[in-house]
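This briefing covers a surface patch, a pocket and some backbone features. Please look at the sequence and the structure before reading on.

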Amino acid sequence: MPRRDDIKKILIIGSGPIVIGQACEFDYSGTQACKVLKEDGFEVVLVNSNPATIMTDPEFADRTYIEPIIPEVVERIIAKERPQALLPTLGGQTGLNVAVELAESGVLDRYGVELIGAKLKAIRKAEDRSEFKAAMERIGLEVPRSGFAYNLNDALELADKFGFPLVIRPSFTLGGTGGGIAFNKEEYISIASNGLLLSPVSELLIEESVIGWKEYELEVMRDLNDNVVIICSIENFDPMGVHTGDSITVAPAQTLTDVEYQQLRDASIAIMREIGVETGGSNIQFAVNPEDGRMVVIEMNPRVSRSSALASKATGFPIAKMAAKLAVGYTLDEIANDITKETPASFEPTIDYVVTKVPRWAFEKFPEADPTLTTKMKSVGEVMAIGRTFKESLQKAMRSLEIDRYGLGADGKDEIDPEQLNNKLAVPNQDRLFYIKYALENGIDIEKINEFTKIDPWFIDQIRQLVELEKEITKYTISDIPDELLREAKRNGYSDRQLAYLMGSDELSIRERRAKAGIVATFKTVDTCGAEFEAYTPYYYSTYESECEVKQSGKPKIMILGSGPNRIGQGIEFDYCCVHASFALKEEGYETIMVNCNPETVSTDYDTSDRLYFEPLTFEDVMNIVEREEPAGVIVQFGGQTPLKLAGALGKAGVPIIGTSPDSIDLAEDRKRFEILLRNLNINQPPNGTATSYEEALEVARRIGFPVLVRPSYVLGGRAMEIVYSEEMLESYIAKAVKASPDHPILIDKFLEGAIEVDVDAICDGKDVLIGAIMEHIEEAGVHSGDSACVIPPYTLSEDIINQIKDYTVLLAKELKVKGLL
C-alpha cells in the first residue's frame with residue numbers, strides 16, 4: 001500500500017519538559033519521525049516546549065512552535081497551520097492526552113484534522129482502565145480482579161471487597177503518578193485521595209495485588225494490512241510491585257519457556273487487534289504467577305514509550321521511524337530495514353546477545369525522600385549495556401551508572417549494613433542488587449533470597465556464579481593468574497578496576513597484563529538479525545571473543561564522548577551538544593564515532609553518527625575503543641561532567657583530546673586552581689579558601705565569616721554544595737563533601753546574600769570569543785542555576801555591569817585557552 005497522498009501537512013505534538021516518567025526518549029522518537037516524514041515529502045509542523053531537544057531545531061520540521069503543550073495553544077496552531085493530520089503517539093502521555101482533549105472537544109473535526117497512528121477510540125480503549133478491562137474480557141484474557149472508583153467512598157467499598165494489599169492506578173497519568181500499593185487502610189486513603197486529584201478523569205483502577213509475580217513486556221507493531229510483528233520481549237528483573245521504569249529489565253526475556261513466550265505473543269497480537277491500534281508501535285505488559293503460570297494483562301501503551309526506545313536500541317529496529325511511516329499508509333513489508341538493507345520491516349528482529357537496562361536514581365540529592373521502589377516511578381534516568389551473557393551486560397550496566405561503581409561489587413566500594421540485610425532484600429530499593437550479592441557471599445541460599453525478593457531464581461543464580469568466580473580469582477595474584485581465568489573474568493563483564501581490587505593490583509597493571517596475554521576487547525555488531533544478514537550500519541558493543549567485527553574505512557575519525565545516564569544536573573542538553581558536534585564534523589568530512597550508554601537519546605540512534613559504540617563511559621571502556629579505532633581526536637567537552645572526569649586520564653594515556661585541553665579543563669574545575677586564576681586576572685571574587693579537612697575548613701570559615709558557601713570540585717548539579725551558617729553545620733557537612741569528591745579540595749566562599757546571579761554562554765576558538773547570551777536569574781544567588789528561572793536579555797543589570805561581565809568572560813576564555821564552549 002503506497003503512502004497516503006491526501007495528507008500534505010502533519011502536526012506532531014512533543015512531550016514538553018523532562019519529568020520523571022517522560023524523558024529524552026521522546027526527543028529521540030520525535031526526531032526520528034520528523035526526519036522520515038520530511039524525507040517522504042510531507043510538511044511537518046512541530047509543537048514542543050522543551051528548547052533543549054534536537055527535534056526543536058529548525059531543520060527538523062518545516063514549522064516549529066516553542067509553545068506550551070496545552071489544548072488551547074495547540075488549537076491556535078492548528079487554526080493557523082491547517083494540517084490534515086495529527087500524529088499523537090510520539091509525544092508520550094503529554095502528547096496523547098492533549099490529542100484526546102482536542103478530539104473530544106471537537107477541535108479536530110472543526111478544522112478537518114485526522115488522528116493518524118492511533119484513532120481516538122483506540123486511545124480511549126487502551127488508556128481508560130474500565131474500557132481496557134472490558135476489552136480484555138471480550139477476547140478471553142485475564143486482568144487482575146479489580147473495580148473502579150470515582151470518589152473515596154467507591155474506593156473504600158472496593159477495599160472492603162478485595163482486602164489488602166491493593167494496587168491503585170489512576171487513569172491517564174504518567175509513570176504511575178498518583179498510584180501506589182497500599183498495605184493498610186491509612187495508606188490506601190492517602191494514595192487514593194491523591195490519585196483522584198491527579199487523574200484528569202478522576203478515575204482509579206483498584207486492583208488485587210499481583211506483587212511478586214514475574215513481569216514481562218512486549219513491543220509490538222501493526223500496519224493497516226493487519227501485519228503484526230513482535231520487536232522485542234523484555235523481562236523485568238524485579239517482580240511486580242516495582243514500576244517498570246524503576247526495574248532492571250533484560251532483553252530478550254530470559255526465563256520464559258518457548259510455550260509461555262508464544263502465549264504472550266499470541267495475546268499481544270489479539271490485544272493490538274481488539275484495541276484497534278491500526279498502525280504503529282505499542283507496549284503491552286503482562287504479569288505471570290511463578291507458582292502456577294497464570295497470566296494476566298497489566299496494561300497497554302498505544303504509543304511510543306520509554307520501553308520502545310529501549311527496544312529500538314536493543315534490537316537496532318527504529319520503532320518511532322517505522323511508526324511514522326506506518327501512520328501515513330506504508331505497510332511493514334514495504335519498508336526496508338536500514339541496517340541490513342535486505343530485509344523488510346516485517347522481518348522480526350532476532351538478537352544473539354543480552355541487553356540489560358538499569359535505572360539511575362537521585363536519592364542522594366533528596367535524603368529525606370522515601371527510597372522504597374513502588375508502582376510510582378522514581379528514577380531520573382537509565383543506562384543500557386550489551387553483552388554476550390546476562391552477567392556481562394549486567395556488570396557493564398552497573399559501571400555505566402555514574403555512581404562510582406565499576407561493576408556489581410568487587411571494587412572496594414560496598415557500603416553494606418549487615419543488620420539491614422533482610423529489610424534490604426524484602427523491600428525494593430536501589431541497593432538491593434548489592435545486598436543480594438552480599439547475601440550469597442555470606443552463605444544464604446538462592447531459595448531464601450527468592451523468598452525475600454520474589455526475584456526469579458535464575459537471576460539470583462547468575463549472581464551466585466559471579467560470587468563463585470570471584471572466590472577463584474582471589475586465589476591468585478596478577479603475576480600467576482591463568483590466562484584462561486582472566487579471559488573468563490572479562491567475559492563475565494569484570495572491569496580492570498574490579499580485577500585489580502580482587503588481586504591487590506591497580507587498573508593499568510591489569511590492562512598491561514591482559515594485553516600481554518592477548519586478552520583484548522573485541523566488538524560485535526547490533527544487526528537486528530542474529531548475524532543472518534550483513535549489517536551496513538556500524539553499531540557496536542564490546543565483549544571478549546576471538547573475532548572483531550569492526551571494519552576500518554580509512555577516513556579521518558573524530559570520537560565524541562556522550563553524557564551517560566540522565567540525572568539531576570545532567571540531562572538532555574548535553575546530548576543536544578553531542579549530536580550537533582557529530583552533525584558538524586560530518587559536514588567537515590570526518591567520520592564520527594559516538595560513545596554513550598543512554599538508550600533514551602538521539603546520540604545513540606544508529607544513524608546519528610557514522611559509528612556508534614554502546615559502551616560504558618569509563619577509562620577502560622573508552623580506551624578499548626580508542627585502541628581499535630585510532631581516532632585523530634577525541635572530544636570530551638560536550639558530554640558534561642561524565643567525559644570531563646575522564647579527560648586527565650585519557651590525556652596521560654596519549655589520547656588526542658581536541659578542543660579545550662585536559663589541563664585547562666582541570667584549571668576550571670579544580671576550585672583551588674580556579675581561585676588562583678581569578679586572583680591573577682584581577683577578577684573580583686568573594687573572600688574564599690580551600691580545605692581538605694574539617695580543621696582546615698573551620699579555620700577558613702572563621703577567617704571569612706559565616707554564612708559560607710561550601711562546594712567540592714568536579715561534582716554535578718550542585719551536589720554536596722551548601723550554604724552553611726554555623727560551625728555545627730560545617731562539621732556535619734564536611735563528611736558528605738569529602739565523600740562527594742575525595743580527590744579534590746573543598747572551596748569555601750563567603751556567601752553573598754541577596755546577590756543577583758548571572759550565567760554567560762560563550763564560544764572561543766583560542767583567540768576570538770563570541771558571547772551567545774547573558775542570562776539573568778530571577779531567583780537570587782543561593783538557588784542553583786539549574787533550579788532558577790532566568791531571562792534573556794538581563795533586565796536589571798546596567799550597561800556598565802554587562803560590559804564588565806563580557807570583559808571577564810573574554811579574559812577567562814583566553815587565559816583558559818578554551819577551544820569550544822564556555
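**Surface patch**

I763 sits in strand 27, residues 758-765; strands (E, at least two residues) and helices (H or I, at least four) are DSSP runs, numbered from the N terminus. The model is a predicted one, in which local features need pLDDT of at least 70 and side-chain atom pairs count only at pLDDT 80 or more, while totals for chains, interfaces and linings use all residues. Residues are numbered from 1 along each chain as its sequence is written, and side-chain values use heavy atoms, with hydrogens and water left out.

- I763 has a relative accessible area of 42% and is therefore partly exposed, a class between buried (under 20%) and exposed (over 50%), taken with a 1.4 Å probe and protein chains only.
- Together, I763, L770 and L821 make a nonpolar surface patch of about 280 Å².
- Such patches consist of residues with over 30% relative accessible area and no salt bridge; like charges are joined within 9 Å, and nonpolar side chains (Val, Leu, Ile, Met, Phe, Trp, Tyr) within 5 Å.
- A salt bridge is a side-chain nitrogen of Lys or Arg within 4 Å of a carboxyl oxygen of Asp or Glu.

**Second largest pocket**

- The second largest pocket holds about 740 Å³ of space.
- It is lined by 34 residues, and those closest to its centre are F183, I211, M240, A426 and P428.
- A pocket is an open set of points on a 1 Å grid over the protein atoms alone, where a 1.4 Å probe fits, with protein on both sides within 12 Å along at least five of seven lines; lining residues have an atom within 4 Å of a point.
- Strand 8 (180-182), helix 8 (185-198) and helix 15 (446-453) each give at least two residues to the lining.
- Helix 15 supplies the largest share, three residues.
- The lining comprises 16 nonpolar, nine polar and nine charged residues.

**Cis peptide bonds**

- The bond from F164 to P165 is cis, with omega near 0°, and P165 is in the loop between helix 7 (152-162) and strand 7 (166-170).
- The bond from I792 to P793 is also cis, with omega near -5°; P793 is in the loop between strand 29 (790-791) and helix 28 (799-815).

**Positive phi**

- S202, a residue other than glycine, has a positive phi near 50° and lies in the loop between helix 8 and strand 9 (204-208).
- S202 is partly exposed, at 33% relative accessible area.
- K454 is not a glycine either, and its phi is positive at about 65°.
- K454 lies in the loop between helix 15 and helix 16 (457-473) and is partly exposed, with 43% relative accessibility.

Key. Grid points are joined across faces, edges and corners, and a volume is the space filled by probe spheres set on the points. Ala, Val, Leu, Ile, Met, Phe, Trp, Tyr, Cys and Pro count as nonpolar, Asp, Glu, Lys and Arg as charged, and the others, Gly among them, as polar. Accessible areas come from the Shrake-Rupley method with a 1.4 Å probe; for residues, only the protein chains shown count as cover.
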